[in-house]
There are 2 protein chains.
Amino acid sequence: MAQQKKMVEEITSMEEDFAKWYTDVVKKAELIEYTSVKGCMVIRPYGYAIWENMQKELDTRFKELGHENVCMPMFIPESLLNKEKDHVEGFAPEVAWVTHGGNEPLEERLCVRPTSETLFCEHYKAIVQSYRDLPKLYNQWVSVVRWEKTTRPFLRSREFLWQEGHTIHATAEEAREETLRILDLYADFCENFLAMPVVKGVKTEKERFAGAEDTYTIEALMHDGKALQSGTSHYFGDGFAKAFGIQYTDKDNQLKTPYQTSWGVTTRLIGAIIMTHGDNNGLVLPPKVAPIQVVVVPVAAHKPGVIEAARDLTQRLSKVCRVKIDETDNSPGWKFAEYEMKGVPLRIEIGPKDIEKGTCVAVRRDNREKSFIDLSEVETAIPALLDAVHQGLYDAAIERRKVMTYEAKDLEELKDIADNKPGFIKAMWCGDRACEDKLKEYAGVTSRCEPFEQEQISDVCVCCGKPAKKMLYWGKAY
Amino acid sequence: MAQQKKMVEEITSMEEDFAKWYTDVVKKAELIEYTSVKGCMVIRPYGYAIWENMQKELDTRFKELGHENVCMPMFIPESLLNKEKDHVEGFAPEVAWVTHGGNEPLEERLCVRPTSETLFCEHYKAIVQSYRDLPKLYNQWVSVVRWEKTTRPFLRSREFLWQEGHTIHATAEEAREETLRILDLYADFCENFLAMPVVKGVKTEKERFAGAEDTYTIEALMHDGKALQSGTSHYFGDGFAKAFGIQYTDKDNQLKTPYQTSWGVTTRLIGAIIMTHGDNNGLVLPPKVAPIQVVVVPVAAHKPGVIEAARDLTQRLSKVCRVKIDETDNSPGWKFAEYEMKGVPLRIEIGPKDIEKGTCVAVRRDNREKSFIDLSEVETAIPALLDAVHQGLYDAAIERRKVMTYEAKDLEELKDIADNKPGFIKAMWCGDRACEDKLKEYAGVTSRCEPFEQEQISDVCVCCGKPAKKMLYWGKAY
């Protein structure tokens with residue numbers, strides 16, 4: 001019986017409707033499925049496998065730096081959440097409240113963690129007594145809940161998966177070092193694992209995490225010119241420790257207050273790679289994170305020797321990459337479209353003519369470049385091609401960011417760019433919250449960060465014309 | 001400055017108070033810490049590392065059998081939970097209810113998943129249309145919440161970590177095969193990874209999972225003679241599929257109802273290994289799951305060459321096992337006690353005399369056996385010793401179970417054993433729920449399972465004296 005299978009479904013083009021393109025891709029590439037739980041989603045096997053690859057890499061890097069994994073409860077009693085004033089103000093409006101256990105009302109209601117600073121603080125108070133107990137470098141892989149009004153898969157959902165690092169140190173200096181060490185780790189991960197360039201910098205006070213002294217961020221630029229905050233690392237100073245009464249006895253026998261950090265990246269990174277690398281044929285996955293790095297498609301599979309040669313090739317490749325063979329009786333053309341849509345970085349075609357010549361055809365997903373690979377060399381040639389795809393994606397993203405990054409010297413220029421040219425805007429700032437608010441109101445942009453790499457666009461604030469203190473990146477953001 | 005460090009803390013002896021011994025071990029070996037969230041706990045790095053080792057092994061085994069990981073929402077709308085009658089009756093009394101998002105009451109309250117059959121059913125209804133979509137072999141690693149009244153770390157807590165497999169198949173036969181395949185996987189994992197013998201069998205109707213046609217179980221015997229249900233695998237028939245309206249078009253073009261299974265093991269397994277292998281000096285970890293398999297303790301570390309030799313040994317061992325060197329200036333005696341308490345399977349001592357002789361001393365945690373290992377042979381000798389510790393633990397547990405398994409032919413004999421001899425009781429049963437209820441009421445035992453390996457203890461039911469249908473294992477249980 002001939003196998004009937006749906007043809008690869010249409011994806012709305014980016015230019016026509018970017019938001020629709022995005023939801024088409026996440027649905028049709030089978031990354032997620034909606035549920036009857038509003039604002040929550042099922043992460044399907046292909047989407048979850050991407051997350052598992054990210055997790056594995058990050059977890060290894062965290063552990064190499066001496067971090068240990070733990071698991072905190074998912075609930076936070078209301079009184080515990082209330083302990084740090086700025087923190088509760090930031091999070092209380094968007095938490096989910098558990099009020100009943102079974103048929104009985106709870107004595108005190110519990111929120112489902114929106115983040116776990118308060119739980120870690122309570123724990124650190126219990127286990128940190130001496131300088132010998134410091135530092136503690138803890139991390140956990142869990143899901144958190146924030147009751148968002150409008151939601152989009154991966155980018156903003158009521159429940160999302162993440163890792164949250166929480167560390168506690170004897171000195172402010174050590175805690176600051178940790179904050180920046182992790183920021184660097186995140187940036188390196190984005191660039192070298194996800195092929196996604198990021199701008200490193202520090203948030204303004206307005207955009208800071210609730211309870212932090214400083215929030216560092218990595219900001220990426222999406223295909224549509226919007227910014228995506230892709231990871232944050234917070235320096236808390238001793239604010240949380242004081243609010244929770246955490247103290248330790250130092251070598252000099254004095255009671256001292258320790259310093260803390262927290263940092264996290266989320267499943268939002270899946271959204272980030274979709275919107276950085278994707279195109280009108282669907283997903284484009286950076287090779288290091290792709291569940292399937294190479295798909296082998298036999299051509300004229302009914303001809304003698306083809307299936308055997310394709311299987312043999314797959315078997316050999318399985319030792320150097322994540323490879324899959326598609327032996328279904330769908331047409332090669334259907335398969336080409338299907339794996340393009342699913343973003344598989346490299347497709348290998350092998351048919352009777354190739355076998356005769358002792359070669360196979362490799363087609364890159366990122367630029368469709370075709371090359372003929374000598375069958376005797378696949379174990380080295382294919383990994384090299386995967387590296388080339390990674391580099392190609394990274395270079396294209398850097399180039400796009402360059403083209404889409406603008407400079408503005410005054411308010412009208414900034415507004416004109418914001419209205420007509422999607423992308424990052426570099427502009428000077430006096431440091432006043434009022435100017436930040438005005439740029440949001442007048443031009444619809446928010447400050448993304450004060451980048452570590454400063455430039456002198458002009459001498460005065462883009463908004464008020466007073467002397468400028470620093471250059472910021474501005475933009476519309478997810 | 002001399003380092004001051006607390007001496008290893010005392011652990012209550014098992015014979016004096018088993019429950020206290022257990023909580024002493026979980027606290028003092030730093031597996032958990034209590035929190036202000038009643039019935040929930042922090043799993044600390046040493047405890048979480050045990051779970052990570054279990055996870056890694058199980059996840060690999062699941063994937064080898066073709067299972068894929070997914071992630072469902074943590075919330076279930078009340079109307080969705082209500083769809084399968086038996087299921088909701090079983091779980092509704094013990095779920096936590098979310099009633100507010102931020103400051104607003106929800107239109108429909110949501111429970112925090114106690115298990116996810118309903119969510120998987122909803123999802124399968126959305127994605128299964130044709131026989132080509134079957135089977136789906138899904139699993140997820142998440143935490144679930146059950147609002148228990150009395151709680152104990154790992155054994156029964158309001159939130160616990162687990163994996164839940166949920167599969168859907170075209171035929172009843174396939175689904176039954178899956179149920180038993182996973183039961184075998186669980187049993188093999190317990191025996192060959194955790195060194196913990198289990199009895200495989202099927203639950204009576206009374207002890208069945210809410211909504212299942214059959215619940216298969218593995219039952220282990222703890223040090224105190226109580227049984228611990230260590231993993232379950234459920235065959236659902238087509239009950240859930242009918243309740244949720246899941247149908248597929250078969251090859252013959254007919255609409256048919258698929259068949260389902262679910263199965264899970266939890267962080268309870270950490271409690272199981274503590275109570276199977278532990279002793280009055282603390283934890284005893286089976287080597288395959290131990291975060292630290294070997295600890296190297298330098299003796300007379302101030303003498304020339306000792307630290308260097310210990311480091312060299314550690315470096316070499318790190319290629320064949322998970323090894324840690326303790327270079328702190330605590331005394332060797334303190335270190336011996338500390339790592340015994342933490343259950344490290346093998347301790348290696350190395351001092352000036354050993355170095356002179358070209359050997360080191362290895363001490364097994366399970367039986368304290370000492371052996372002298374030629375330094376040139378550690379890469380083979382130490383892994384072999386770890387295998388021996390695994391085998392020693394398994395053999396001891398089997399022997400203990402043998403000694404603590406009794407047979408009862410009538411009610412009085414059963415009650416006498418139940419009152420005076422902790423352990424499993426093998427006894428015949430007529431199949432009537434009334435007799436099961438009576439044994440619970442009169443002798444305080446529950447049916448653990450109908451084991452696959454049946455024996456003929458007598459011809460009649462241990463309770464009513466009518467003809468017996470099968471032999472069951474009975475016991476007091478966690």
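For the bookkeeping, strands are DSSP runs of E with at least two residues, helices are runs of H or I with at least four, both numbered from the N terminus, and two strands pair if DSSP finds at least two bridges between them.

A word on the source, friends: this is a predicted model, where local features need pLDDT of at least 70 and side-chain atom pairs count only at pLDDT 80 or more, while totals for chains, interfaces and linings use all residues. Residues are numbered from 1 along each chain as its sequence is written, chains are lettered from A and ligands numbered from 1 in the order written, and side-chain values use heavy atoms, leaving out hydrogens and water.

Now the whole interface. Contact here means heavy atoms within 4.5 Å, and 57 residues of chain A are in contact with 57 residues of chain B. The buried area is about 4700 Å², with 60% from carbon and sulfur atoms; that is the accessible area (1.4 Å probe) lost on putting the two parts together, summed over both. Of the area that chain A buries against chain B, C71(A), M74(A) and R132(A) supply 12%, more than any other three residues.

How many salt bridges are there between chain A and chain B? Two, counting a side-chain nitrogen of Lys or Arg within 4 Å of a carboxyl oxygen of Asp or Glu. One of them joins the side chains of K63(A) and E52(B), at 3.2 Å from N to O. And which element of chain A gives the most to the side touching chain B? Our opening strand, β5(A), with six residues.

S262(A) is buried, at 3% relative accessible area, where buried means under 20%, exposed over 50% and partly exposed in between (1.4 Å probe, protein chains only). The side chain of S262(A) makes a polar contact with that of E117(A) at 2.7 Å. Such a contact is a pair of N or O atoms within 3.5 Å; within protein, one must be able to donate a hydrogen and the other to accept it, and residues adjacent in sequence count only if both atoms are side-chain atoms.

Last stop, helix α1(A), residues 18–28: its buried residues include W21(A) and V25(A).
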